[in-house]
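Please examine the model shown here and work through its architecture, chain by chain.

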Amino acid sequence: MLEVVQPGLETSIQDYPGRIGFWNQGFPPSGPMDSWSFRLANLLVGNEAGTAGLECQYMGPTLKFRRDGVIAVTGADMQPKLDGQPIPMWESVAVKAGQTLALGPAKLGTRAYIAIAGGIDTPEWLGSRSTFHKAGVGGMEGRALKPGQVVPVAAGKGKAGRKVKPEARPAFATDKRWTIEVVPGPNDDWIDKAGHERFLATDWKLSAKSDRTGFRLDGPQWTFTEKATNKAPEHGAEPSNIIDQGYPLGAINLAGQTPIILVNDGPSMGGFICPYTVPSAAFWKLGQSKPGEVYRFKSVSVDEAQELRKRLKALCTPSSIV
Amino acid sequence: MAERVETMVPGNVWKVMVKPGDKVSSGDVLFILEVMKTEVPHTAGADGTVTAVHIAEGQEGVDAGTVAVEIG
């Protein structure tokens, strides 16, 4: 068990792959935004890769352990300290009952992950412990952690001193620029040639009005094909309006002229077009980027996106731990 | 004792409550940043007088670790 002394900006319980199978009823998967770092944290402490742990956004929490255990911190550099002494990240660390783990503001990256041997043992909701704030389900009382809460942890045996192989770690952008893969579609035929060229040649800036629902991007205006401008009135008034449709996870949803990437807690349907989709293997980069940082999009095929996913899955296995 | 209050998160400057010359007490909210559609208040760590304010309301894309307010 661990006690929340300070919750940080927004720290929540997540598991991987999250709440799968209810998208058609409006429930997103939730789960860690950077599932690469998350899965490695679990593997370090001897858990299954998807076991429930903590996602800490921007500013980490202060936690007090109520029994001995083994933990690992991965993801964004929040300079974790145990009883005031710095501890390494990407490595399993033994903790004693009564000790306090404190994470600070994210220096490099945005989201840090804390895994605990045995895993967090809150009740599952629709098959997952992931917190989905908007509906108030999963996690602890359906919300981010609050001061004074006691988080249940299952029994587990971890080993301290296990490390992630350097080549198996994600490399976070140090120059504030990220290349994000995108697959064209489902509504790419609503954007004209100039619009596609502009999208792929633009430095898009991540807005501070971004959260686990959507990542809002600042950039130039879009231009459209006749499909968008000369359509039946029931589609709606804006060129980017379409008769309500299902959205893929990772859709770059065009709300008027503003692209919003629909991420882990995003909506499953709506009336805007989605000219591109970010594949799951690129989500970790979204999760680790900060407002004001720049995205360049790189068009890939469905086959290439699936290849990236397979490669990432292969990295999130015990073979990456020494 | 002089204090330099740094931004804890990157984001937009939502509100600035102080100007140079203001007397502040430990725990007073100096300014509020906005990130993830959430207000993040920043408070004074000690009593003193504001000697400089380096951020402005509406300023966008401020990095974490930026010196925002100086208290003398």
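The questions and answers below concern the chains, their domains, their strand pairing and their contacts.

Q: Into which domains is chain A divided, and what is the distance between their centres?
A: This is a predicted model. The domain assignment of chain A places residues 2-164 in domain 1 and residues 177-315 in domain 2. Taken over C-alpha atoms, the centres of domain 1 of chain A and domain 2 of chain A are separated by 29 Å.

Q: Which element gives the most residues to the side of domain 1 of chain A that touches domain 2 of chain A?
A: The contact between the two domains draws 19 residues from domain 1 of chain A and 16 residues from domain 2 of chain A. On the domain 1 side, the residues divide into seven nonpolar, nine polar and three charged. The element that gives the most to this side, with three residues, is helix α1 (residues 35-44) of chain A.

Q: What is the radius of gyration of chain A, and what would a compact globule have?
A: The C-alpha trace of chain A spans about 65 × 35 × 30 Å along its principal axes. For 322 residues, a compact globule would have a radius of gyration near 20 Å, and the value for chain A agrees with this, being 20 Å.

Q: How many helices and strands does chain A contain, and what share of its residues is buried?
A: Chain A has five helices and 20 strands. Among its contacts with a separation of 6 or more, 76% are between residues 24 or more positions apart. Of the 322 residues in chain A, the share that counts as buried is 47%.

Q: In which sense does β12(A) run relative to β20(A), and in which relative to β19(A)?
A: Strand β12 (residues 177-184) of chain A is joined to strand β20 (residues 294-299) of chain A by six bridges, and this pair is parallel. Within it, A:V182 has A:S299 as its bridge partner.

Q: Which residue of β7(B) is the bridge partner of B:E3?
A: β1(B) pairs with strand β7 (residues 67-71) of chain B in the antiparallel sense, over four bridges. In β7(B), the bridge partner of B:E3 is B:I71.

Q: How many helices and strands does chain B have, and what is its radius of gyration?
A: The secondary structure of chain B consists of zero helices and seven strands. Its C-alpha trace spans about 30 × 20 × 20 Å along the principal axes, and buried residues make up 26% of its 72 residues. Chain B is as compact as a globular protein of that length, because the globule rule gives 11 Å for 72 residues and its radius of gyration is close to that, at 11 Å.

Q: Which elements give two or more residues to the side of chain B that touches chain A?
A: Contact between the chains involves 14 residues of chain B and 14 residues of chain A. On the chain B side, the residues divide into seven nonpolar, four polar and three charged. The elements giving two or more residues are β4 (29-35) and β5 (38-43) of chain B.

Conventions:
Residues are numbered from 1 along each chain as its sequence is written. Chains are lettered from A and ligands numbered from 1 in the order in which they are written. This is a predicted model: local features need pLDDT of at least 70, side-chain atom pairs count only at pLDDT 80 or more; totals for chains, interfaces and linings use all residues. Domain bounds come from an automatic or database domain assignment. Two residues are in contact if their C-beta atoms, placed from the backbone, lie within 7 Å. Ala, Val, Leu, Ile, Met, Phe, Trp, Tyr, Cys and Pro count as nonpolar, Asp, Glu, Lys and Arg as charged, and the others, Gly among them, as polar. The radius of gyration is taken over C-alpha atoms; the globule rule is 2.2 Å times the number of residues to the power 0.38. A residue is buried if 20 or more other C-beta atoms lie within 10 Å of its own, exposed if 12 or fewer, and partly exposed in between; C-beta atoms are placed from the backbone. Two strands pair if DSSP finds at least two bridges between them.
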